[in-house]
Amino acid sequence: MKIATWNVNSIKVRLEAATAWLKEAKPDVVALQEIKCMDENFPAEAFEALGYNCAVHGQKTYNGVALLSKLPLEDVTPRLPSGDGDDHSRYLEAVVTGAKGTLRIASIYAPNGNPVGTEKFTYKLSWLERLGGHAKGLLKNEEPVALIGDYNIIPEDRDCYDPKAWLGDALFQPQSKAALRTIENLGYTDAFRARNQAAGQYTFWDYQAGAWRKNHGIRIDHILLSPQGLDRLKDCGIDKHVREGDKPSDHVPVWAELDL
DNA sequence: ATGCCGACAGGATGTCGA
């Protein structure tokens with residue numbers, strides 16, 4: 001089973017690029033973020049034509065997450081628990097069953113959190129704390145779980161072109177990195193780092209200042225696997241070439257092959 | 001020190017992203 005995550009930065013604008021990538025990469029399950037549309041405006045027909053079932057947790061203008069799956073999507077849950085008053089569409093969970101077993105998978109769009117020192121940053125940290133609480137609960141099932149998406153966190157210096165340039169940014173704050181480590185310390189593993197220790201492996205390049213041309217990127221899109229999920233991990237990679245296409249998203253897909 | 005670019009809503013330009 002091949003799973004993938006991609007922050008598309010508007011599914012409306014990215015529909016052509018998305019269908020082209022699906023045809024080429026042939027993932028079984030895809031988590032999308034920043035679809036930036038309401039459920040009724042999600043172009044489900046275009047994906048159904050390629051053999052995908054769709055689950056959508058949309059929002060007008062901002063955020064919005066979705067799951068595409070060639071396998072039936074079961075037990076679809078469109079939010080994190082205990083989100084009193086949080087109306088952002090940033091989490092969508094479902095269960096899929098492959099030939100060798102089930103996978104619980106979530107599409108995650110963690111808050112950006114900039115600027116630091118504002119309620120946006122405290123919202124980011126509290127949202128990640130809620131995610132961690134939910135992630136901990138999921139471990140009790142002792143099943144393969146994949147929490148995949150745009151975490152808006154640069155884990156380490158080797159995950160950005162110029163660490164000094166990101167020191168004041170919410171994506172690189174000690175509290176942000178600690179929030180990710182807290183989830184990892186529960187028992188989740190960064191699938192990419194389980195297969196690749198190289199520096200300079202990015203998933204995002206800003207549209208501005210020639211960031212792509214100069215390879216000024218950051219690695220912020222992550223595939224986190226529960227212990228049982230990690231047991232099934234065969235390979236993990238970044239589809240970097242997608243950043244070169246017509247009307248690209250500023251993020252590229254990250255994928256993992258699981259023995260499921 | 002800030003904008004750079006791009007998407008969105010709305011119908012100009014401000015907000016947001018990272």
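**Close-up views of a predicted protein–DNA model**

**Figure 1. Protein residues surrounding DNA strand B.** In this predicted model, 24 residues surround DNA strand B, and the closest are Ser10, Glu34, Asn112, Asn152 and Gln208. Sorted by class, the surface near DNA strand B comprises nine nonpolar, eight polar and seven charged residues. Among the atoms of DNA strand B within 4 Å of the protein, 71% belong to sugar or phosphate, while the rest belong to bases.

**Figure 2. Polar side-chain atoms beside phosphate oxygens of DNA strand B.** Tyr109 places a polar side-chain atom 3.0 Å from a phosphate oxygen of DNA strand B.

**Figure 3. Gln208 and a base of DNA strand B.** A base nitrogen of DNA strand B lies 3.3 Å from a polar side-chain atom of Gln208.

**Figure 4. Pairing of strand β14 with strands β1 and β13.** Strand β1 (residues 2-7) pairs with β14 in the antiparallel sense over four bridges. Strand β13 (residues 233-238) likewise pairs with β14 in the antiparallel sense, over five bridges. Glu257 of β14 stands opposite Lys2, and Glu257 is also the bridge partner of Asp235.

How values were computed:
Residues numbered from 1 in each chain as written. Chains lettered and ligands numbered in written order. Predicted model: local features only at pLDDT ≥ 70, side-chain atom pairs only at ≥ 80, totals over all residues. Heavy atoms only, no water. Near = heavy atom within 4 Å. Polar contact = N/O pair within 3.5 Å; in protein donor to acceptor, adjacent residues only side chain to side chain. Nonpolar A, V, L, I, M, F, W, Y, C, P; charged D, E, K, R; others polar. Pairing = 2+ DSSP bridges. Helix = DSSP H or I, 4+ residues; strand = E, 2+ residues; numbered from the N terminus.
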